[in-house]
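Welcome, and please open the structure in your viewer. We will go from one selection to the next and look at what is there.

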Amino acid sequence: MNEVLAEIYSTILPSAPYIIAAYALIWLALLVYVFIVMRGMKKSEAQMAVLEEALAERNAKTAR
Amino acid sequence: MSETKRRAAKLPEAGQWPDRIAPWMLLAGAVLTTIGFLMAFFYAGPVNGAAVDGVELIGGQMVSSKLLLSQKIFYFHMPVAIVSFASLAFAGYYAIRFLMTKEQRFDTCSKIGMEIALLFVVCTMVTGEMWTRFEWGVWWTWEPRLTTYLILMLVVIAYFVLRSAIDEPERRATYAAVISVIALVDVPICYMVTRLIPSSIHPVVLREGGMSADMGMTVAVVMAGMCMVGFGLYRLRFRQVRLAQRVEAMKEQLED
């Protein structure tokens, strides 16, 4: 590569880690948030199923 | 229909039409931002930096300055910043509605809006820092936009610190709503500061001639995608919070 081309492209490689980090961190932050929300949703759904069962049992006992 | 039922029917609730479109919005947002990512590197033209000693023909064009790859960060940096402002606007709107009605559901909506805002504020800060570190060789500079945005981020963090410090629900929601409104007031200041105090780091790009057509198109695609991602995340979190609230209500019912 001639000297002028080398100078034109001189910032490309040094800036690459910062660009990769910027894009990767955005997606990481969004994915972590989605993961936390989904985990909370699954936990709440499991709790809801148990509670609904307990409530139905209690109502059945009261009816008897 | 009784007054209580009529009021409850008007409140935002999980399972309404926005929840039905939210997963599709999230998916469309992911697709659009991926397209935007590809456009940033393969469609939008490179931005030139300092002049070099000579001229070279690259891709049919005469180039006489350094090509700045770091500018590609801008295509995600600006849209995430705009979505953070939009989230704060939503949070502020629900905070005002809470202050007017004292209805806890609006506090829930405002809190989730602030959460989404914090997420996008962090994304904006991270992308901005990466650019600043490479182009300016520093992690931080007290430039007007950076300073006002830092203040905004601290207000959003203060919102969550305050929430975790107060146990009584109504007092917590009232104080939090006030902080949310303060954050909302900071949004136009933060947005307009580059117009009021011009700076070379943050040029005004949302104006006629601020961006070339290819840059504008790329930003528009990422912006649309990020707005959809923000909306999808908001509804997903809202559904989860409402479910958790119903679990708590059911626990109380069983304890009685």
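What follows is a short walk through chain B, stop by stop.

**Before you start**

This is a predicted model, in which local features need pLDDT of at least 70, side-chain atom pairs count only at pLDDT 80 or more, and totals for chains, interfaces and linings use all residues. Residues are numbered from 1 along each chain as its sequence is written, chains are lettered from A and ligands numbered from 1 in the order in which they are written, and side-chain values use heavy atoms, with hydrogens and water left out.

**Stop 1: the whole of chain B**

The model as a whole scores ipTM 0.86 and pTM 0.89. The mean for chain B is 90, and 96% of its residues reach 70 or more. Which elements of chain B have the lowest and the highest mean pLDDT? Helix α1(B), residues 3-10, has the lowest at 70, while helix α3(B), residues 74-101, has the highest at 96.

Switch to a cartoon view and you can follow seven helices and two strands. Here helices (H or I, at least four residues) and strands (E, at least two) are DSSP runs, numbered from the N terminus. Starting at that end, the order is α-α-β-β-α-α-α-α-α. The C-alpha atoms of chain B fill a box of roughly 85 × 35 × 30 Å along the principal axes.

**Stop 2: the hairpin**

Select residues 47-58 and 61-68 of chain B: these are β1(B) and β2(B), which pair in the antiparallel sense over six bridges. Strands count as paired if DSSP finds at least two bridges between them. Look for B:Val47, which stands opposite B:Leu68, and then for B:Ile58, whose bridge partner is B:Gln61. Two residues lie between the strands of this hairpin, and B:Gly59 in the turn has a positive phi of about 55°.

**Stop 3**

Two packed helices are described by the angle between their axes and the distance between the axes. The axes are lines fitted to C-alpha atoms, for helices over the stretch in contact, with angles from 0 to 180 degrees between N-to-C directions.

Select α3(B) together with α7(B), residues 213-255: they pack at about 40°, with their axes 8 Å apart. The two are therefore oblique to each other (angles under 35 degrees count as roughly parallel, over 145 as roughly antiparallel, 65 to 115 as roughly perpendicular and the rest as oblique). The contact (heavy atoms within 4.5 Å) includes B:Phe74 and B:Tyr94 of α3(B) and B:Met215 and B:Tyr234 of α7(B). By class, this contact has 16 nonpolar, two polar and no charged residues. In this scheme Ala, Val, Leu, Ile, Met, Phe, Trp, Tyr, Cys and Pro count as nonpolar, Asp, Glu, Lys and Arg as charged, and the others, Gly among them, as polar.

**Stop 3**

**Stop 4: α4(B) against α5(B)**

Finally, select residues 104-136 and 144-165 of chain B, which are α4(B) and α5(B). How are these helices oriented to each other? Their axes are 10 Å apart at an angle of about 140°, so they are oblique. Show side chains to find the residues that meet, among them B:Leu118 and B:Phe120 in α4(B) and B:Tyr159 and B:Phe160 in α5(B). This contact has twelve nonpolar, two polar and four charged residues.

Technical notes
pLDDT = per-residue confidence, 0-100.
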